[in-house]
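Subject: Structure for you to look at

Hello,

Here is the structure I promised to pass on. Please open it first, then read the notes below.

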Amino acid sequence: MIKTILFDVDGVMLSEERYFDASALTVWELLFSPQYAGLQGEPFHPAPAEALIRRVREQVFVQDEVLNFIKSRGINSNWDMVFLAVSYQLVRLIEALVPHVPEAASLLADELGRQELARLRQWANDYTPDFAVDYAAFLPDFAKSSAQKADLLLYVNQLAKERCGVETDKFSANCALWQLVQETFQEWYLGDERVAASIGRETMQPGKKGFLTDEIPIVPPTEMAELFRVLNERGYTLGIGTGRPTIETHVPLRAMNLLEWFDPNRVVTASHVLEAEEAHPDYVPLSKPHPFSYVKGLLGLETPNSDVLRHPLPIENGEEVLVVGDSLADLLAARSMGCQFAATLTGLSGQKARSKFAEEKADYILDDVRDLLTVLNAK
């Protein structure tokens with residue numbers, strides 16, 4: 001008998017569209033802004049019009065084929081998606097530079113931060129001004145690998161060796177470039193007014209209005225609120241395990257009158273994941289498909305992260321816990337826990353994901369989160 005239900009947010013309650021827009025804009029900025037790699041051929045604007053946002057996303061993610069590929073490999077974090085896209089193009093850039101500036105290869109064996117990107121910018125302007133970003137090349141290069149989940153980030157190291165002949169282990173979820181990606185993404189999503197509360201500094205390039213106030217609910221908020229109210233009345237404990245940071249979770253869900261239905265002690269966000277990773281670097285990465293966010297949601301925020309990480313898996317009485325998510329990463333996390341999983345067909349792939357979830361033997365497949373009551377009534 002199910003007692004606890006743990007929900008993802010993106011693709012279940014809120015649309016992922018604005019997250020993917022922010023992801024594409026982050027890639028665009030890091031490659032073309034004079035503050036970063038500053039490549040030629042694409043003027044950068046911190047406040048793009050909607051038509052430009054649509055074009056940038058279409059190009060960066062190749063009509064979302066790149067996003068679908070990355071998510072099919074078990075990666076659910078937008079920060080990781082941006083890191084992969086940016087890292088790949090930087091490796092290609094360094095490959096193009098090496099015949100002109102042999103020392104450019106040495107950057108791959110070190111951390112790639114702001115200073116290193118400034119050097120790349122100068123070299124690229126001097127020696128390879130015609131270098132062309134090739135977003136579509138990402139797919140065949142990464143498809144050569146069978147890497148899944150966090151190993152896909154590490155695969156960039158192998159590409160650096162193949163393309164530039166450099167042995168490196170600097171591409172990972174705890175490197176300087178990943179941190180730069182994470183902070184720049186937050187600038188886009190939160191905008192100038194809110195970003196300092198998230199990353200501890202003001203935006204590097206003012207003018208970003210942010211997407212937080214432009215969230216898109218997947219189904220009408222009143223209908224979601226009614227669902228959660230009924231679940232509460234029936235005695236289910238409701239929690240959240242999301243890849244969103246805390247502010248990006250609380251603000252829109254509170255505005256839509258949804259947050260009040262969840263146990264505050266069981267709302268786990270990417271902010272809690274980052275705190276755990278900083279305290280326990282040997283466990284990095286802890287983002288989904290790692291089950292950390294759902295296990296902590298089950299045990300409660302007051303449970304020390306060390307206890308969460310040592311909690312035996314699969315959990316006891318797994319049949320009493322249901323995870324509701326839209327991605328393979330959510331399914332893999334639920335499977336690690338030994339609990340039940342309900343897939344919603346409201347993520348990036350929509351109804352096309354049905355066959356994949358059926359193949360992976362999801363316990364339940366829902367057209368959208370409202371179908372959850374039908375599932376529970378049938379039990």
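Which side chain does the side chain of aspartate 8 join in a polar contact of 3.0 Å? The partner is lysine 288. A polar contact here is a pair of N or O atoms within 3.5 Å; within protein, one must be able to donate a hydrogen and the other to accept it, and residues adjacent in sequence count only if both atoms are side-chain atoms.

Before the rest, some notes on the source. This is a predicted model, in which local features need pLDDT of at least 70 and side-chain atom pairs count only at pLDDT 80 or more, while totals for chains, interfaces and linings use all residues. Residues are numbered from 1 along each chain as its sequence is written, and side-chain values use heavy atoms, with hydrogens and water left out.

Aspartate 8

Aspartate 8 sits in the loop between strand E1 (4-7) and helix H1 (17-32). Helices (H or I, at least four residues) and strands (E, at least two) are DSSP runs, numbered from the N terminus. Because its relative accessibility is 2%, aspartate 8 counts as buried (under 20% relative accessible area; exposed is over 50% and partly exposed in between, with a 1.4 Å probe and protein chains only). Leaving aside neighbours within four places in sequence, its contacts (heavy atoms within 4.5 Å) include Asn76, Thr242, Lys288, Tyr294 and Asp330.

The sheet

Six strands form an open sheet in the order E3-E2-E1-E4-E5-E6, with parallel pairing. Two strands pair if DSSP finds at least two bridges between them. Strand E3 (267-268) and strand E6 (364-366) are at the edges with a single partner strand each, so one side of each has no neighbour in the sheet. E1 pairs with strand E4 (residues 321-325) in the parallel sense over four bridges, and threonine 4 stands opposite valine 321 in E4.

The helices

Helix H13 (residues 292-299) is mostly covered, with seven of its eight residues buried; Tyr294 is one of them. Glycine 300 follows H13 and has a positive phi, near 110°.

The axes of helix H4 (residues 78-97) and helix H5 (residues 114-127) come within 11 Å and cross at roughly 50°. Axes are lines fitted to C-alpha atoms, for helices over the stretch in contact, and angles run from 0 to 180 degrees between N-to-C directions. On the H4 side the contact is made by Leu90, Leu93, Ile94 and Leu97; the residues from H5 include Leu117 and Trp123.

Regards
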